[in-house]
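Here is a friendly walk through one model, taken a piece at a time. Keep the viewer open as you read.

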Amino acid sequence: MASHSESIIREPLITGKNITYAQITNDVLFPVENKPNKAWWIGFIAASMGATLWLFAMSWTFWYGVGEWGLNKTVGWAWDITSFVWWVGIGHAGTLISAVLLLFRQNWRNSINRSAEAMTIFAVICAATYIFGHMGRTWLAYWTLPLPNQYGSLWVNWNSALMMDVFAISTYFSVSLVFWYTGLLPDISAIRDRATGLRQKIYSVLSFGWTGSVKTWQRFETVSLILAGISTPLVLSVHTIVSFDFATSLEPGWHTTIFPPYFVAGAIFSGFAMVQTLLLVVRKVLGLENYITMFHIESMNKIILVTGSIVGVAYITEFFIAWYSGSEYEQYTFLNRFIGPYWWAACMMYGCNVLMTQLMWFKSIRTSIPIAWGLSIVVNIGMWFERFVIIVVSLHRDYLPSSWAMFYPTWVDVSIFIGSIGLFFTMFLLFLRVLPSVAIAEVKLLLKSSSEQAKKKLIEEGHLDPEQVAYYKESLTKFDSVELADYDKV
Amino acid sequence: MILGLFDDPDEMMHGIEKLQKNSVPIYDVYTPMPIHGIEDKLGIKESRLGYAAFCFGCLGGSVIFSIVYYTLVHDWPMNIGGKPHFAMPNFVPFTFEWTILWTAFGMVFTFFYATHLFPGRTPRVMDLRATDDRFVIAIDAKGNIPHDDITRILQEAGAVEVKHNDRKYVSYE
């Protein structure tokens, strides 16, 4: 219940003085109810230019075919699948935040889950464009479905990991969308009840007639909990199945049993990096410093450190097993990552993902916004190169040295990738404008228990262990949204 | 409709207690966020959506398992290196994904159906601030008299405002 006060040694999840329920609504809805500022426009123009590039390069691919990509006889899978896996992986953080952290009752998820879920949906959309793009004849995409057809009754091949991918990605996307939209209903209603005219009508349709009655909320909470419960194994299954695309082959470098957990850890790792990239900017530009606090930033950095280290252990295991297998092809594939022509890609992969993340052990780095932002970009780059190394570097030197080749991306490859980043940011920036970027109702739940002002009141009332109070004040020093001078007297 | 508007969830809970002590039936309560423990207080039964979710999940899993079995084993068995046609491990990912897909969609649509939520439904809002910062207890004015007593009970419990609305819903413009 709201009246329960939380232990003082827990850091506040909402900072600021005199925050009321009304102010939370005002602060979160500010970007939705007002004209966008200059920073938004600059971002939007840049992003939509990227999206235009994506549209052009994708249309080019559809018109002239996948022959326009840099693939060759030896490297038949390269840039496209690399970017696909990269985007799907990024999507995983949103579900992790909204589902896994809900099951673990991590209340700090409440203010970041909405934008992270939105990010998931947009990232999966970007990933899906690569699936459709690589088909060549996109209009035949429905051939991946088990439909009765005129070719005898030849069905889809259920034994293929690619078929499993179709089911995993489509389920993941649609369940994430349902989860996200159901959570949005109360907040859309908050916009509806403050709007007038046409805006009110639009948001009224979108709100499905939500009223916030007791029974509605009760069912809403049941639905959220069950969706979280089923999304947790779902998110783990998705990247497991993506890793099957490789692990079920006989290709040295791909044919390993460590791939499923290693891919899942990498996905969460890269996803949190992308959440960090987005939120550090969003909190500043939209003025949400009181809701997305230094505690949130540090917690996410800790998750990046943990998952980055898991990925590091997986890398070491891969090398050990390659050596221990005694298979010279396997051994060569891994040695080739460093001594082959793509040594620089491997350096990017291991350097960005393992070495750079270890900096997160230092608190000063975890709590520095510019450094954390820079490192999140480094992780994004590193994780892209991880997939590149796994895919291209494993393929480019096969069993026959006469067929060894290099992969060079064409302008179409590069444009689709850069363009998809533009597409992603276009969707994300539009989301910030039309929907609440923070789950208003869920943040309101925290106001009476976990906010800075509630804790300050507790301190002022006395009755607390002075040692714990000192610990709490010490923990506040890292916050950039807390005025420490207020605590001198209390 | 008599509406008691509170600006604090705990005071609103207190208001519910007071009304119940005075045997005033409560029509419904509208809040901007879920209030834990309110269902017990108002005697609302636990949601049965979990059962619906379970049934839909079982159905989804069975459907896709049957489809895969029919196509792969019955209708067009393929000889792939002499391996068995009924290769169960390959069925697992599809069965798993559709169990989850049907659970999610079945449960959410049951929720929308049971709660009468659908795009375009006119919201039956009694007070526009109930999605912002007001915790609203609604009492049917018909039959519950004297109204002044109810007003007084609400005010004593800490209501910041008590409204007597002639129309049930303010959102029907």
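Predicted model: local features only at pLDDT ≥ 70, side-chain atom pairs only at ≥ 80, totals over all residues.

## Helices 5 and 6 of chain A

In helix 5 of chain A, the residues A:Ile188, A:Ile191 and A:Arg192 meet A:Gln200, A:Tyr203, A:Ser204 and A:Leu206 of helix 6 of chain A. Sorted by class, this contact has four nonpolar, two polar and one charged residues.

How do the two helices lie relative to each other? The axes of helix 5 of chain A and helix 6 of chain A come within 8 Å and cross at roughly 155 degrees. Angles over 145 degrees count as roughly antiparallel, and helix 5 and helix 6 of chain A are therefore roughly antiparallel to each other. The crossing of helix 5 of chain A past helix 6 of chain A is left-handed.

## Helices 11 and 13 of chain A

A second pair is worth a look. For helix 11 (residues 343–355) and helix 13 (residues 369–396) of chain A, the axes come within 8 Å and the crossing angle is roughly 140 degrees. That makes helix 11 of chain A oblique to helix 13 of chain A. Helix 11 of chain A also passes helix 13 of chain A in a left-handed crossing.

Which residues meet here? From helix 11 of chain A come A:Ala345, A:Ala346, A:Met348, A:Met349, A:Cys352 and A:Asn353. Their counterparts in helix 13 of chain A include A:Val378, A:Ile381, A:Gly382, A:Phe385, A:Glu386 and A:Val393. By class, the contact between helix 11 and helix 13 of chain A has 13 nonpolar, two polar and one charged residues.

## Where chain A touches chain B

How many residues does each chain bring to the contact? Chain A gives 56 residues and chain B gives 58 residues. On the side of chain A that touches chain B, helix 1 (21–33), helix 5 (161–194), helix 6 (197–206), helix 7 (214–247) and helix 15 (440–450) of chain A each supply at least two residues. Helix 7 of chain A provides the largest share of that side, with 16 residues. By class, the side of chain A that touches chain B has 30 nonpolar, 19 polar and seven charged residues.

## The sheet in chain B

Chain B holds an open sheet of four strands in the order 2-3-1-4, with antiparallel pairing. Strand 2 (28–30) and strand 4 of chain B stand at the edges with a single partner strand each, so one side of each is left without a neighbour in the sheet. Neighbouring strands of this sheet are turned by 20 degrees against each other on average, direction ignored.

Strand 3 (residues 135–139) and strand 1 of chain B pair in the antiparallel sense over five bridges, with B:Ile2 opposite B:Ile139. Strand 1 of chain B is also joined to strand 4 (residues 161–164) of chain B by four bridges, again antiparallel, and B:Leu3 stands opposite B:Lys163.

## Around strand 1 of chain B

Why is strand 1 of chain B described as largely enclosed by the rest of the structure? Four of the five residues of strand 1 (residues 2–6) of chain B are buried, so the strand is largely enclosed.

Helix 5 (residues 147–156) of chain B lies across strand 1, strand 3 and strand 4 of chain B. This helix 5 of chain B runs at about 155 degrees to strand 4 of chain B.

Definitions and conventions:
Residues numbered from 1 in each chain as written. Chains lettered and ligands numbered in written order. Contact = placed C-beta atoms within 7 Å. Nonpolar A, V, L, I, M, F, W, Y, C, P; charged D, E, K, R; others polar. Buried ≥ 20, exposed ≤ 12 C-beta atoms within 10 Å, placed from the backbone. Pairing = 2+ DSSP bridges. Axes fitted to C-alpha atoms, helices over the stretch in contact; angles between N-to-C directions. Parallel < 35°, antiparallel > 145°, perpendicular 65-115°, else oblique. Left-handed = near helix turned anticlockwise from the far one by under 90°.
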